[in-house]
Amino acid sequence: VHIPIDDVEWLERDVVGFVRVTSPIEVGLDETTSDAGRVRFVMLILGPQRPEQPRWHAEMGEAAAALLQDEAVVGAAYSAETPDEVLAAIENCLRQVRLMPHTTCPTQSGIRKR
C-alpha cells in the first residue's frame, strides 16, 4: 500500500481515495523487499491545512495503514467487486477493535503522595 498525504490550501474538506490496481505499480520507493516500491493499493489523503491539528492527515494515514494490516480487510480489498464490500470489511474490523485507555505505571514518589 502507498499512502501519499498532503495538506493543501485549495480544499475546504478532506478527500480520501482508495484504488486497487490490476498489476503492481512502481511508486518510487527504495525498499529492501522483493517487490521494492511496487504496490497494488494506493490511498490518497488530501485536506485543508489545519494549524490547530497539524498531524490530522498523517494520523489518518497511520490509521489506514493499521487497518490494512488486518487480513480480512486486505482480503476484501483484493477480492471486492464493489466499494461496499471493502467498507463492510473495515467496519467489521473496527467493531472487533478494543481500545485500551492510555495508562501509566505509578511511580514510588507518586504512591507516597497518595
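A pocket here is an open set of grid points with protein on both sides within 12 Å along at least five of seven lines. The views below show a predicted model.

**View 1. The second largest pocket and its lining.** About 190 Å³ of space lies in this pocket. Look for V1, V39, R40, F41 and Y78, which lie nearest its centre among the 11 lining residues. Strand β3 gives the largest share of the lining, four residues, and both β3 and α2 supply at least two. By class, the lining has seven nonpolar, one polar and three charged residues.

**View 2. The largest pocket, lined by strands and helices.** This pocket holds about 420 Å³ of space. Its lining counts 20 residues, with F18, M43, V86, L87 and I90 the closest to the centre. At least two lining residues come from each of β2 (15-26), β3 (38-47), α1 (56-67), α2 (71-79) and α3 (83-96). Of the lining residues, 16 are nonpolar, two polar and two charged.

**View 3. An aromatic cluster of F18, F41 and Y78.** Two aromatic pairs are counted in the model. F18 and F41 are stacked, 5.6 Å centre to centre with 10° between the planes. Because F18 sits in strand β2 and F41 in strand β3, this pair ties together parts 23 residues apart in sequence. F18 is partly exposed at 31% relative accessibility, while F41 is buried at 6%.

**View 4. F41 meets Y78 edge-to-face.** The ring centres of F41 and Y78 are 4.9 Å apart and their planes stand at 75°. This pair links F41 of strand β3 with Y78 of helix α2, 37 residues apart. Y78 is partly exposed, with a relative accessible area of 42%.

Notes: Residues numbered from 1 in each chain as written. Predicted model: local features only at pLDDT ≥ 70, side-chain atom pairs only at ≥ 80, totals over all residues. Heavy atoms only, no water. 1 Å grid on protein atoms, 1.4 Å probe; cavity = no way out; pocket = protein on both sides within 12 Å on 5 of 7 lines; lining within 4 Å. Points joined across faces, edges and corners; volume = space filled by probe spheres on them. Nonpolar A, V, L, I, M, F, W, Y, C, P; charged D, E, K, R; others polar. Phe/Tyr/Trp six-rings, centres within 6.5 Å; stacked < 30°, edge-to-face > 60°. Buried < 20%, exposed > 50% of the residue type's maximum accessible area, 1.4 Å probe, protein only.
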